[in-house]
Amino acid sequence: MKTLRSHFRTATLALCAAGLFASQATAMPVIAPDQSSPIVLAASDCYAIGQQVAEQNGGTLAKASQSTRGGQPVCVIVVLVPGKDGQRPRRSEIVVPQN
């Protein structure tokens, strides 16, 4: 009886694996997606710009967000610059063009 149960378990696992592979094969797209409209990741661009600005100012990046000012896309960067003589860090907000 133990052998029959073992064979049944093995067969069930094999069928499940075969079903998983078959479902993955049918889930693949038949036609390649259209690349005419690329996706622009503004948040990651602002984050990268923010890290550069923080490094230039000798501080740490606290926040990087996208905004529009005067009809132009900009990144609003918040940098925490260490205070002098052990004082609290200063919060510095810098607006950088996204381009």
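**Why call it that? A chat about a predicted model**

From the N terminus on, the chain's elements run α-α-β-β-β, and the model is a predicted one.

Colleague: Why is C46 called buried?

Modeller: Buried means under 20% relative accessible area. C46 has 0% relative accessibility, so C46 counts as buried. C46 lies in helix α2, residues 42–57.

Colleague: What is C46 in contact with, leaving aside its neighbours within four places in sequence?

Modeller: A64, S65, Q66, V74, C75 and I77. Contact here means heavy atoms within 4.5 Å.

Colleague: What makes β1 and β2 a pair?

Modeller: Two strands pair if there are at least two bridges between them. Here 9 bridges join β1 to β2 (residues 72–81), so the two count as paired, and they run antiparallel. One spot to look at is T60, which stands opposite L80 in β2.

Colleague: Why are β1 and β3 called edge strands?

Modeller: The open sheet has 3 strands in the order β1-β2-β3, with antiparallel pairing. β1 (60–69) and β3 (90–97) each pair on one side only. From one strand to the next, the twist averages 20°.

Colleague: How much of the protein chain is buried?

Modeller: With that under-20% cut-off, buried residues make up 16% of the 99 residues. The accessible surface comes to about 8200 Å², and carbon and sulfur atoms hold 59% of that.

Note on methods
Residues numbered from 1 in each chain as written. Predicted model: local features only at pLDDT ≥ 70, side-chain atom pairs only at ≥ 80, totals over all residues. Heavy atoms only, no water. Helix = DSSP H or I, 4+ residues; strand = E, 2+ residues; numbered from the N terminus. Axes fitted to C-alpha atoms, helices over the stretch in contact; angles between N-to-C directions. Buried < 20%, exposed > 50% of the residue type's maximum accessible area, 1.4 Å probe, protein only. Areas by Shrake-Rupley, 256 points an atom, 1.4 Å probe, with all protein chains shown as cover.
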